[in-house]
Amino acid sequence: MAENKIPYKIYLDENEMPNAWYNVRADMKNKPAPLLNPGTHQPMTAEELGGVFCGELVAQELDNENAYIEIPQEIKDFYKMYRPSPLVRAYYLEKYLQTPAKIYYKFEGNNTSGSHKLNSAIAQAYYAKKQGLKGVTTETGAGQWGTALSMACSYFGLDCKVFMVKVSYEQKPFRREVMRVYGSSVTPSPSMETEIGQKINAEHPGTTGSLGCAISEAVEVAVKNPGYRYVLGSVLNQVILHQSVIGLETKAALDKYGVKPDIIIGCAGGGSNLGGLVSPFAGEMLRGEADYEIIAVEPASCPSFTRGVYAYDFCDTGMVCPLAKMYTLGSDFIPSANHAGGLRYHGMSPILSQLYDDGYIKAVSVEQTKVFEAAEQFARVEGILPAPESSHAIRVAIDQALKCKETGEEKTIVFGLTGTGYFDMVAYEQFHDGTMTDYIPTDEELKKFRDKLPKFD
């Protein structure tokens with residue numbers, strides 16, 4: 001199709017929105033390894049997982065066979081408030097870079113939560129309400145997930161208890177207040193309100209926290225309070241499933257104009273955004289129907305893919321959650337207080353870990369200051385202030401476009417713009433003031449945490 005026929009923003013009609021989530025596991029020859037009981041080291045049963053998660057979410061977590069799972073009508077109706085989200089042709093960024101590459105981004109920041117997290121939050125809240133629960137507990141890093149879940153719980157009349165990584169709690173007070181607007185309680189983690197929080201504070205005085213710490217506290221509170229379950233905003237199979245609406249819409253919008261991407265890029269923390277964006281494309285690769293270059297981008301300060309090991313590890317710092325086989329830095333690893341709070345998890349989604357190990361996904365890590373340089377470039381030409389997490393994908397999309405400039409290749413690049421950065425102004429302030437640092441852990445530091453990985457007989 002002629003170049004000038006592709007609009008700046010490609011919108012799908014609400015009737016073109018997916019009716020079912022896509023489960024990439026159904027097409028994976030090598031399935032993700034099962035979650036293991038931390039006590040017995042045996043695969044977790046539905047009954048065991050049901051003590052922590054909602055029943056129907058457990059069924060989704062364990063489903064390796066069904067390629068499509070119908071989206072309930074009540075969730076589809078909620079999605080219509082902000083979906084389908086636009087796929088944007090970055091004409092102005094292309095012009096600024098003077099690249100022959102064609103750049104598209106899927107923008108997920110057009111809702112009050114400011115990110116893609118609402119896609120799974122509303123689903124998990126729906127199943128909690130359907131089960132008759134009083135409320136849910138969760139963790140949040142930068143705050144996008146906590147905000148999204150707070151909105152979803154408010155919609156269904158559920159109580160929501162959020163443990164927010166301490167460094168983000170302090171850096172992003174306005175994100176915290178949005179959660180409170182929607183009725184959630186927000187506690188900085190590690191706290192003194194749980195046994196696990198007290199233990200972590202004793203072992204790591206003055207710690208800035210991590211997602212692993214916050215997960216441990218949220219699980220403890222859920223297990224100790226009848227009528228509550230724990231919900232997670234990333235990593236789990238069920239979350240990647242719900243987020244597949246991102247990739248399904250992206251593919252539908254591209255197909256509408258006969259566009260086939262060469263490179264697909266997403267930021268990678270626990271895997272929700274990346275997994276959601278790439279699942280339908282990875283499915284085509286798995287079925288032998290197409291080929292793409294998929295690139296996961298992570299912070300150099302928390303390099304799970306690029307410097308982690310593929311092994312069973314605890315999903316949380318307190319070591320109370322199931323063991324997952326994933327690329328991990330070790331559950332004790334607490335990254336430096338970088339501003340990409342949503343990318344500060346020690347491990348990676350089992351689905352994405354398996355795809356990476358099988359060679360379907362590549363990974364790169366980038367330093368924080370280079371990420372913010374890209375964020376500012378993007379904001380100045382495309383008019384959206386991106387979240388620090390999203391800006392990791394922007395950094396590598398720009399790098400790939402500049403490679404095309406050098407080689408003259410007209411590649412098509414698609415990346416995920418997971419959300420907006422309007423609650424991240426402390427980060428932008430530090431970048432402008434020159435006080436932002438690029439901490440990269442040494443091999444010796446990482447080895448110390450790898451040596452603590454669970455040992456199996």
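Predicted model: local features only at pLDDT ≥ 70, side-chain atom pairs only at ≥ 80, totals over all residues.
## Nonpolar cores

The largest nonpolar core holds 73 residues, and those touching the most other members are Trp21, Ile75 and Tyr79. Helix H5, spanning residues 118-130, makes the greatest contribution to this core, with 8 residues. Another core, of 34 residues, lies apart from the largest one; Phe372, Ala374, Ala393 and Phe415 are among its members.

## Helix H16

Helix H16 is formed by residues 388-407, 20 residues in total. From the first C-alpha to the last, H16 reaches 29 Å, which is close to the 28 Å expected at 1.5 Å a residue. The helix is mostly covered, with 14 of its 20 residues buried. Just after H16 comes Gly408, which takes a positive phi of about 80 degrees.

Asn273 belongs to helix H12, which covers residues 272-286. Its relative accessible area is 5%; because this is under 20%, Asn273 counts as buried. Leaving aside residues up to four places away in sequence, Asn273 touches His116, Gly266, Cys267, Gly416 and Thr418.

Ser304 is placed in helix H13 (residues 304-307). This serine is buried as well, with a relative accessible area of 1%. Beyond residues up to four places away in sequence, the contacts of Ser304 are Glu298, Tyr327, Thr328, Leu329, Tyr345, His346, Gly347 and Met348. Ser304 and Ala363 stand 59 residues apart in sequence, while their C-alpha atoms are 9.6 Å apart in space.

## Pockets and cavities

The second largest pocket has a volume of about 150 Å³. Its lining consists of Arg25, Pro32, Ala33, Pro34, Leu35, Pro43, Met44, Glu61, Leu62, Asn64, Asn237 and Pro350. Divided by class, this lining comprises 8 nonpolar, 2 polar and 2 charged residues.

The model contains 4 cavities of 30 Å³ or more. The second largest cavity has a volume of about 90 Å³. Around this cavity are Leu35, Phe53, Ile215, Tyr230, Leu232, Val235, Leu236, Cys315, Cys321, Pro322 and Tyr345. The lining has 11 nonpolar residues, with no polar and no charged ones.

## Cis peptide bonds

Arg83 and Pro84 are joined by a cis peptide bond, with omega of about 0 degrees. Pro84 sits in the loop between helix H3 (73-79) and strand S4 (87-89).

A cis peptide bond also leads from Ser189 to Pro190, where omega is near 5 degrees. Pro190 is located in the loop between strand S8 (185-189) and helix H9 (195-203).

## Positive phi at non-glycine residues

His41 is not a glycine, yet has a positive phi of about 65 degrees. This histidine is found in the loop between strand S2 (20-22) and helix H1 (46-49). At 28% relative accessibility, His41 counts as partly exposed.

Val235, likewise not a glycine, has a positive phi of about 70 degrees. The loop that holds Val235 runs between strand S9 (228-230) and helix H11 (237-256).

Methods. Residues numbered from 1 in each chain as written. Heavy atoms only, no water. Helix = DSSP H or I, 4+ residues; strand = E, 2+ residues; numbered from the N terminus. Buried < 20%, exposed > 50% of the residue type's maximum accessible area, 1.4 Å probe, protein only. Contact = heavy atoms within 4.5 Å. Core = buried A, V, L, I, M, F, W, Y, C linked by side-chain atoms within 4.5 Å. 1 Å grid on protein atoms, 1.4 Å probe; cavity = no way out; pocket = protein on both sides within 12 Å on 5 of 7 lines; lining within 4 Å. Points joined across faces, edges and corners; volume = space filled by probe spheres on them. Nonpolar A, V, L, I, M, F, W, Y, C, P; charged D, E, K, R; others polar. Expected span 1.5 Å × (residues − 1).
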